[in-house]
Amino acid sequence: MNYSEVETDAEYVARLETGADWRAEIESLAAEVDAGAAWFTALGAVQDAELAFYDQGDLEYYTIDADEPLEVASCVGNVAWLDDERFAHTHVVLSDADGETISGHLNEATVWAGEVYMRVFEDDLVREYDETTALDLWL
């Protein structure tokens with residue numbers, strides 16, 4: 001296990017812009033407050049979404065598309081540097097009108113309404129390629 005102690009620098013709440021991309025809005029908030037590392041939670045609703053599932057056997061992402069209004073029942077993630085850009089690693093649970101859910105890594109989604117809480121760390125975190133998982137991980 002790799003770990004390090006983090007000190008927090010600031011905390012923010014924000015409303016995501018209707019019609020914008022959910023994850024891009026979180027990355028924009030991180031850029032606006034100059035966050036090189038952060039933890040966030042969010043909730044709200046989206047009009048459509050593209051998620052991804054990482055197959056541990058194939059070491060490959062597979063997409064899941066949803067082209068309908070969905071509630072964001074849960075959203076959690078972190079911000080770190082990846083290839084010299086801020087990247088919001090975002091996991092979501094989305095529910096439809098019947099309460100059925102889909103979940104996974106959020107690639108993109110159109111915001112209907114969204115609220116985010118972000119806790120910014122003092123020190124930056126950088127994602128680097130991990131040979132074992134074929135993922136870009138921090139630490």
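Reader: What covers the buried residues of helix 1?
Author: The cover includes strand 1 (8-16), strand 2, strand 4, strand 5 and strand 6. Contact here means heavy atoms within 4.5 Å. Helices (H or I, at least four residues) and strands (E, at least two) are DSSP runs, numbered from the N terminus. This is a predicted model, in which local features need pLDDT of at least 70, side-chain atom pairs count only at pLDDT 80 or more, and totals for chains, interfaces and linings use all residues. Residues are numbered from 1 along each chain as its sequence is written, and side-chain values use heavy atoms, without hydrogens and water.

Reader: Which residues of helix 1 are buried, and what puts them on the same side?
Author: W22, R23, I26, E27, L29 and A30 are buried. They span an arc of only 155° around the axis, so they sit on the same side of helix 1. The arc is taken from the directions from the helix axis to the C-beta atoms.

Reader: Why is C75 called buried?
Author: Its relative accessible area is 3%. Buried means under 20%, exposed over 50%, partly exposed in between (1.4 Å probe, protein chains only). C75 therefore qualifies as buried. It is found in strand 4. Leaving aside neighbours within four places in sequence, C75 is in contact with W22, F40, T41, A42, T90, H91 and V92. C75 and L43 are 32 residues apart in sequence, yet 6.1 Å apart in space, C-alpha to C-alpha.

Reader: And A20: buried or exposed?
Author: A20 has a relative accessible area of 19%, so it counts as buried. A20 is found in the loop between strand 1 and helix 1. Beyond neighbours within four places in sequence, it contacts E25, A109, T110 and V111.

Reader: What makes a set of residues a nonpolar core?
Author: Members are buried Ala, Val, Leu, Ile, Met, Phe, Trp, Tyr and Cys residues joined through side-chain atoms within 4.5 Å. The largest such core has 27 residues, and W22, I26, F40, V79, L94 and M118 touch the most other members. Helix 1 (22-32), strand 2, strand 4, strand 5 (85-95) and strand 6 each supply at least two residues of this core. V79 touches I26, A30, F40, F87, M118 and W138, among others, not counting residues up to four places away in sequence.

Reader: How do you know that strand 2 pairs with strand 4?
Author: Two strands pair if DSSP finds at least two bridges between them. Eight bridges join strand 2 (residues 38-55) to strand 4 (residues 70-82), so they pair by that rule. They run antiparallel, and A38 stands opposite V79 in strand 4.

Reader: How many bridges join strand 2 to strand 6, and how many to strand 3?
Author: 13 bridges join strand 2 to strand 6 (residues 101-121), antiparallel. L43 stands opposite E115 there. Seven join strand 2 to strand 3 (residues 60-66), also antiparallel. In strand 3, A49 has A66 as its bridge partner, and L51 has I64. Their hairpin has four residues between the strands, and L59 takes a positive phi near 55°.

Reader: What makes R127 a charge over the ring of W138?
Author: The rule needs NZ of Lys or CZ of Arg within 6 Å of the ring centre and within 35 degrees of the ring normal. R127 lies over the face of W138, at 5.7 Å from the ring centre.
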